[in-house]
Amino acid sequence: MSVDSGLGSRVKRAFETALAPEDVIGDPIRCRSYECDGLTGYRVVPELVLLPRDAAQVAAAVRVCAEHGVPFVARGAGTGLSGGALPVAGGVVISLARLKRVLEVDPVDRRAVVEPGVTNLEITAAAAPHGLYYAPDPSSQQVCTIGGNVAENSGGAHCLKYGFTTNHVLSCEVVLPDGSLVTLGSDTGEQAGPDLRGVFLGSEGTLGITTKITVRLLRTPESVRTLLADFPSIAAAGDVVSDIVAAGIVPAAVEMMDTLAIEAAEEAVHAGYTVGVPAALVVELDGPAEECDVQFEQVKQICDRHGCTRLHIAGSPEERAAIWRGRKAAFAAVGRISPDYFVQDGVVPRTRLAEVLDRIAGMGAEAGLRVANVFHAGDGNLHPLVLYSAAAGETERAEKLSGEIAELCVELGGSLSGEHGIGADKACSMPKMFSRDDLEVMRRVRSAWDPQGLCNPGKVLPTPRLCGERPGRYRPHPLEEAGVIERL
């Protein structure tokens, strides 16, 4: 099916020349597959979808965009939860799905060179034969790509000890918004002058498109010890986290789940969690075997001291995998107990976890909505899930509550986002966290990289259109609901 794009046949031909005709999708039906990321409430069908096969084609496509003033959005696996890969009306999506090669694994210098379409878990799979692994581990690591991880500065359960993506990326090859190709950083991680790698990493696709990434690999730990502990209250579990850190122990991970999250995860994957318990902690230690054993005993004592009602210690790799399967399935599993939900992402000081969760419970009750909580307790990175039913007309209430939770995190001394990014979802809340001068500096940096404003516009920074005239969540026409018409 041949469909002329609203961009005009001349621009479409320019993209076909830069790539190949079969690598330029203009059919609106096929383009709908790219209309949103994991934040499905906001949808825009792009004019074209481009499928480059290598860095040279990515650069060529961006040069066409620059020449013709076409806005573009880079896309990896589309698993983001902030609308960072939401297409722009009248623009194109540049998919990096075909750039998926592991180019090099260097076991001596402990680094790997990969293309942006390689999934997070594939890096560890490639490094494993050498006794190495890639540390950042988002819950979606089986499907999320390293290019998206770089864009969002993703973390994961083990970021408490090992840090975020920025701590493990040595350099990036980047196509700038004018189509030029540059390298930011170096294979050693050291570079003279301003840290442009650091500026780019976490910029949510607004400064360019990465086409090759050199990552740091770590030696697989000698020992890993994991436990699952139940507690009579969120406050008791939070006190355990504080006492572990106060004891000088730095766990590889400390994760917390509440009643609703546990219920959903257990129903989905049967990982052995206790349904109905108010709170559960997953605590994992890794490192030298002797050190792990000593600290693990300390952690068990701390759990007992705070009224732990059940302590399950993983006795095998299979049991450890089951515990983590339950934790990492939580987001998707919530779909079993609610037809719709928003995933929020904010950060508060660890000492205020109990306070913020109590406030969230009160806000949910006031809004008449349930909120499930699953989060990285060790560093205060919350992931409240606001449960609602669009069919019951609860969408606007849920969206409002979700935004209020994010802004509550700022009020309590935290941040709007820990790892999911700002994207289109929380751009209008940025003035709650940053002053006008702060935001102006960010705009100037962005303009220096992208003077035309074509690279993922409408994301991260608030604009009058985004925050004053922002279209609401998509609501189908009654005829569409009746199956009489189809939305293109």
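**Briefing on a predicted protein model**

H270 is exposed (over 50% relative accessible area), with a relative accessible area of 60%. The model is predicted: local features need pLDDT of at least 70, side-chain atom pairs count only at pLDDT 80 or more, and totals for chains, interfaces and linings use all residues. Residues are numbered from 1 along each chain as its sequence is written, and side-chain values use heavy atoms, with hydrogens and water left out.

**Overall form**

- The protein has 488 residues and a radius of gyration of 23 Å, which agrees with the value near 23 Å for a compact globule. The radius is taken over C-alpha atoms, and the globule rule is 2.2 Å times the number of residues to the power 0.38.
- Along the principal axes, the C-alpha trace spans about 70 × 60 × 45 Å.
- Of the 488 residues, 54% count as buried, that is, under 20% relative accessible area with a 1.4 Å probe and protein chains only.
- There are 18 helices and 20 strands, taken as DSSP runs (H or I of at least four residues for helices, E of at least two for strands) and numbered from the N terminus.

**Domains and annotation**

- An automatic or database assignment divides the protein into domain 1 (9-95), domain 2 (102-219), domain 3 (221-337) and domain 4 (338-441).
- The C-alpha centres of domain 1 and domain 3 lie 41 Å apart.
- The unreviewed UniProt entry carries the annotation "domain: FAD-binding PCMH-type" for residues 42-220; such annotations may be inferred rather than shown by experiment.
- The span 42-220 is 21% helix and 25% strand, and its end C-alpha atoms lie 40 Å apart.

**Two residues with positive phi**

- H270 is found in the loop between α9 (259-269) and β14 (279-287). Its phi is near 50°, a positive value in a residue other than glycine.
- N456 also has phi near 50° and is placed in the loop between α16 and α17 (464-468). At 2% relative accessibility, N456 counts as buried.

**Nonpolar surface patch**

- L196, V199, V441 and V445 make a nonpolar surface patch of about 280 Å². Patch residues have over 30% relative accessible area and no salt bridge, and nonpolar side chains are joined within 5 Å. A salt bridge is a side-chain nitrogen of Lys or Arg within 4 Å of a carboxyl oxygen of Asp or Glu.
- Helices α7 (196-200) and α16 (436-449) each supply at least two residues of the patch.
- V199 lies in helix α7 and is partly exposed, with a relative accessible area of 35%.

Note on methods: Patches are made of residues with over 30% relative accessible area and no salt bridge: like charges are joined within 9 Å, nonpolar side chains (Val, Leu, Ile, Met, Phe, Trp, Tyr) within 5 Å. Accessible areas come from the Shrake-Rupley method with a 1.4 Å probe; for residues, only the protein chains shown count as cover.
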